[in-house]
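Open the model in your viewer and keep the selection tool ready.

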Amino acid sequence: MVRKNTLKVGFLGFGEVASTLSNGLLSRGVEVSTCLEGRSQRSVELAKSTGVGLFDSLTELSESSDILLSAVIPAEAISVAAKVGGGGFEGVYVDLNNVSPGTVKEAFSHITNGKTVDGAIMGGIKNGLGTPIIASGEFAEDFAELNQYGMNIEVIGTEPGQASGLKMLRSAYTKGVSALLFETLYPAYKMGVDEVLLRYLSQTEGPHFKEASISRLKSSALHAQRRAQEMSEVHQFLSQYEDPVITPATREFFHNLLDKIGQIPEKPADYLEIFDKIDKKDDQKARLSKGRNK
């Protein structure tokens, strides 16, 4: 590992995770960069506003980085690893994506010269560098050296797949709860008693239940597409051990949610905005169905 004052970290993908961690690492004197090749306009603007170094190609980013953190959508985890591996990257490659152990291992098969680390973010990234991250693999300790810059990385094992497996199990629970919240609160909203329901649920679930639930609703709406992809990975993983029922239903829920509200550009200010969108979509479908049946 290089000396502290020369550490260079590169991000593959530049969304909420990358921008939040970059802000913290930059404040600690780390040289942080990303690549704009193939990125969305939102990612480009976010990277520029964060102030990280910008490269035009993955090859340039890889050659200039001691540690590469992959934080892309699940569908890109393997392809981006293949591009990096094709360039002969020899540093520390960390997969932080919400993908199954099988996907992680397939991605790592392309990193033939680098040191691979299976990583998983285990909390809301809004907590910045303090967000808990677990890591496994032969070179996990190399990644954990970022703790000296304020990160909160725990090495849990030496095998790739251990960290991503735990992430899958956490996602099975948290995304399932989010789907259940939607299916519970939306009918209450239609009845005009959503606030009353939240108040009574808080009596049994705890004083922070309402705030946490609303945060889940808004986050689920913003990331519906990504979460549908994540649940496909979770289903693949759980199917090795059982015949999951709730997980595929949760995946279908997020597909349906995306169909109803579309890909929204930013987190809604209030959960009522989400329910209003669903309401309008349902009304539209009802009118179309009525018109066809005439």
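This tour visits a helix, the cores and some aromatic rings. Keep in mind that the model is predicted.

**Stop 1: helix 1**

Select residues 16–27, which make up helix 1. How far apart are its end C-alpha atoms? They are 17 Å apart. At 1.5 Å a residue, the 12 residues should span 16 Å, so the two values agree.

Now colour Val 17, Ala 18, Ser 19, Leu 21, Ser 22, Gly 24 and Leu 25. These residues of helix 1 are buried. An α-helix has 3.6 residues a turn, so residues three or four places apart point the same way.

What do the buried residues pack against? Show strand 1 (8–12), strand 2 (31–35), helix 2 (41–50) and strand 6 (115–121): these are their partners.

Step past the end of the helix to Gly 29. Its phi is positive, near 90 degrees.

**Stop 2: the cores**

Select Val 9, Phe 11, Leu 25, Phe 143 and Leu 146. In the largest nonpolar core, which has 33 residues, these five touch the most other members. Several elements each supply at least two residues of this core, including strand 1, strand 4 (67–70), strand 7 (132–136) and helix 6 (140–144). Which element gives the largest share? Helix 1 does, with four residues.

Zoom in on Leu 25. Beyond its neighbours within four places in sequence, Leu 25 is in contact with Val 9, Phe 11, Val 30, Val 32, Leu 129, Tyr 149 and Met 151.

In soluble globular proteins, nonpolar side chains tend to be buried together.

**Stop 3: aromatic rings**

The whole structure holds 10 aromatic pairs. Select Phe 182 and Phe 275. This pair is edge-to-face, with 6.0 Å centre to centre and 75 degrees between the planes. Phe 182 sits in helix 7 (residues 162–191) and Phe 275 in helix 12 (residues 271–292), 93 residues apart.

Next, select Phe 237 and Tyr 241. Their ring centres are 5.4 Å apart and their planes meet at 70 degrees, so this pair is edge-to-face. Phe 237 counts as buried, at 7% relative accessibility, but Tyr 241 counts as exposed, at 61%.

Finish with a cluster. Ring pairs link Phe 182, Tyr 186, Tyr 189, Phe 253, Phe 254, Tyr 271 and Phe 275.

Conventions. Residues numbered from 1 in each chain as written. Predicted model: local features only at pLDDT ≥ 70, side-chain atom pairs only at ≥ 80, totals over all residues. Heavy atoms only, no water. Expected span 1.5 Å × (residues − 1). Buried < 20%, exposed > 50% of the residue type's maximum accessible area, 1.4 Å probe, protein only. Contact = heavy atoms within 4.5 Å. Core = buried A, V, L, I, M, F, W, Y, C linked by side-chain atoms within 4.5 Å. Phe/Tyr/Trp six-rings, centres within 6.5 Å; stacked < 30°, edge-to-face > 60°.
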